[in-house]
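Take a look at the model below.

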Amino acid sequence: MPIDWFPLWLSLRVAVLSTALALAAGLWIAYILANREFRYKEALDAAVTLPLVLPPTVLGYYLLVLIGRASPFGQIWEKVFGSPLVFTWKAAVIAAFLHSFPLLVKSARAALESVDRSYERAARTLGASEWRLFWRVTLPLAQRSIMAAAALAFARSLGDFGVTLMVAGNIPGRTQTIAVAIYDAVEAGNGAVARTLVLVISVVALLILTFANRIAVR
Amino acid sequence: MIQAKLRKTFPARPDSAGFSVDIEFQASAGVTVLFGPSGSGKTLTLDSIAGFVRPDEGRILLDDAILFDGGAGVHLPPRARNCGYVFQNYALFPHMTLRENLTFAVEKRPRLERHRRVNEMLDRFRLQDAAGRRPHEVSGGQKQRCSIARALIGSPKLLLLDEPAQGLDAPLRAELYDVLRQVRADFKTPILLVTHDLDECFELAEEMLVMREGRIVQTGTPRKVLDQPANLDVARLLGRFNLLAGEIRSLDPGRNKSRVLIGEYELDGPYFPGRLKGDRVTVCVRPEQLKASARNGRPGPNQIPAELKRAVETPQSMRLEFSGGIVVDVSQAEFERQRDNQEWVIEFSPASLRVL
């Protein structure tokens, strides 16, 4: 039987977008954690790490509370865009983002902290602002580890199942990502489809991990 | 001119003893060296001036700019201080070429000026050939020159160097001293350098500030400091003295004379101002100021008999270690002439004696 490849493309698109979001927000948080000293720093780090350890159902529940149709955010979204956010592929992006964000912050913080402080000191004595220092010195020096972290985050977004199912649902051709499609195929006794999709996602994940390892060690 | 007066205290913790720095000094054109053992607070002083460390109180003035004022709460960030800093490992940005490293320091200047300055520096520090390479692709000497050029390119009011010769082999060290002497001649920038190497002070310093346990214990030219250490601590720090327990037997200011008892022998010395007859003192004399020779019957005036324990070869001389902890430096040739001596006497020239 013909295989519907839509879930694969949707998953890739969702993963690219959520990784981009996670990079933007994650770098910012990681920078704060790596450079600033404040009282609740480790508490912030713990809060950011939380999604890594909570069950997907809990995360999904939180997300429904935060962005569901009844929530203030959900209502504003509906007013602005004319349709609800939940149970669309955009909600899947948010689910994948939540899933991969902690991993990225953790790795990015470690990467930024591993940059030799004397380079940053040197840049400061040479008159560089903190902003220029970050973009011209710290980030380029940490970029390999950060790219590796982004690759891991991408792989993780690709594999999200539980949160996606709760906030984006399982609408074939609209919100059905590859992980959800595999579940669907197995439930429906559609062995051939399940096997193919499992093989495809395994190979893709393996390639990404190999790539991440290669840029991290070079 | 840099004027610094600062105090910083690190309270004692269960795992570490307390430490405090409390110093005041000024330095103008030329090379001023902060000399002291590790843990004496020299780098902390340098970092306070650069702005990496905030002192508890005090005031740091660079020409007419206030860099730090504890009372008024002024603490400029490093980027606003106009101090060039040469780091121990150079801290050249590894992802930029040497030219980009220099350009980074003048990025805020207009394009033409930026270009002119970078080229001028590349020429002056003989870096044109390596300008397009990254730090890991160039020689140690080129890295060294580039880090100094980068620190100077923004026309800082002060150049700070943190143990720049640490871990360098001899040729590279000699090259560094040449470059720094050139910088001293070509730029008016005062240079403040941290080291624990006395030879480096002699190579470079107009003025040396001897630091110990967070205080400045002596200032002066290296020659003056070596000639007359302010106290026993400084003499120990310099590490190049025979330090012998003695007692003052007589003092004659009129004829600039004194007699000092060391062990059972009385020696002639110069008059020691501020000392009294009977004072227990430490006699301080440099190994190269002593003369060792064969003993001939009774020791003559200002001679002490001693037994040779060990002869150690050093690059410049032979170092003879005698009983009673007396060390004498003699030339290789001199030692060859005398090596068969059965018994020795050591002669103290009266003018070389110092007491602490």
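## A sheet in chain B

In this predicted model, strands of chain B form an open sheet of 3 strands, in the order β18-β19-β20, and the pairing is antiparallel. Two strands sit at the edges: β18 (308-313) and β20 (327-330) of chain B, each pairing on one side only. From one strand to the next, the twist averages 20 degrees.

Strand β19 of chain B covers residues 318-322. Its antiparallel pairing with β20(B) runs over 4 bridges. Across this pair, Arg319(B) stands opposite Asp329(B), a residue of β20(B).

## Chain A overall

Chain A has 10 helices and 0 strands. Its pattern along the sequence is α-α-α-α-α-α-α-α-α-α. The C-alpha trace of chain A spans about 65 × 45 × 30 Å along its principal axes.

Chain A has 218 residues, and 39% of them count as buried. Take the contacts in chain A with a separation of 6 or more: 74% come from residues 24 or more positions apart.

## Helix α9 of chain A

Which residues of helix α9 of chain A are buried? The helix spans residues 178-187, and its buried residues are Ile178(A), Ala179(A), Val180(A), Ala181(A), Ile182(A) and Ala185(A). After α9(A) comes Gly189(A). The phi of Gly189(A) is positive, near 70 degrees.

Technical notes: Residues are numbered from 1 along each chain as its sequence is written. Chains are lettered from A and ligands numbered from 1 in the order in which they are written. This is a predicted model: local features need pLDDT of at least 70, side-chain atom pairs count only at pLDDT 80 or more; totals for chains, interfaces and linings use all residues. Two strands pair if DSSP finds at least two bridges between them. Axes are lines fitted to C-alpha atoms, for helices over the stretch in contact, and angles run from 0 to 180 degrees between N-to-C directions. A residue is buried if 20 or more other C-beta atoms lie within 10 Å of its own, exposed if 12 or fewer, and partly exposed in between; C-beta atoms are placed from the backbone. Two residues are in contact if their C-beta atoms, placed from the backbone, lie within 7 Å.
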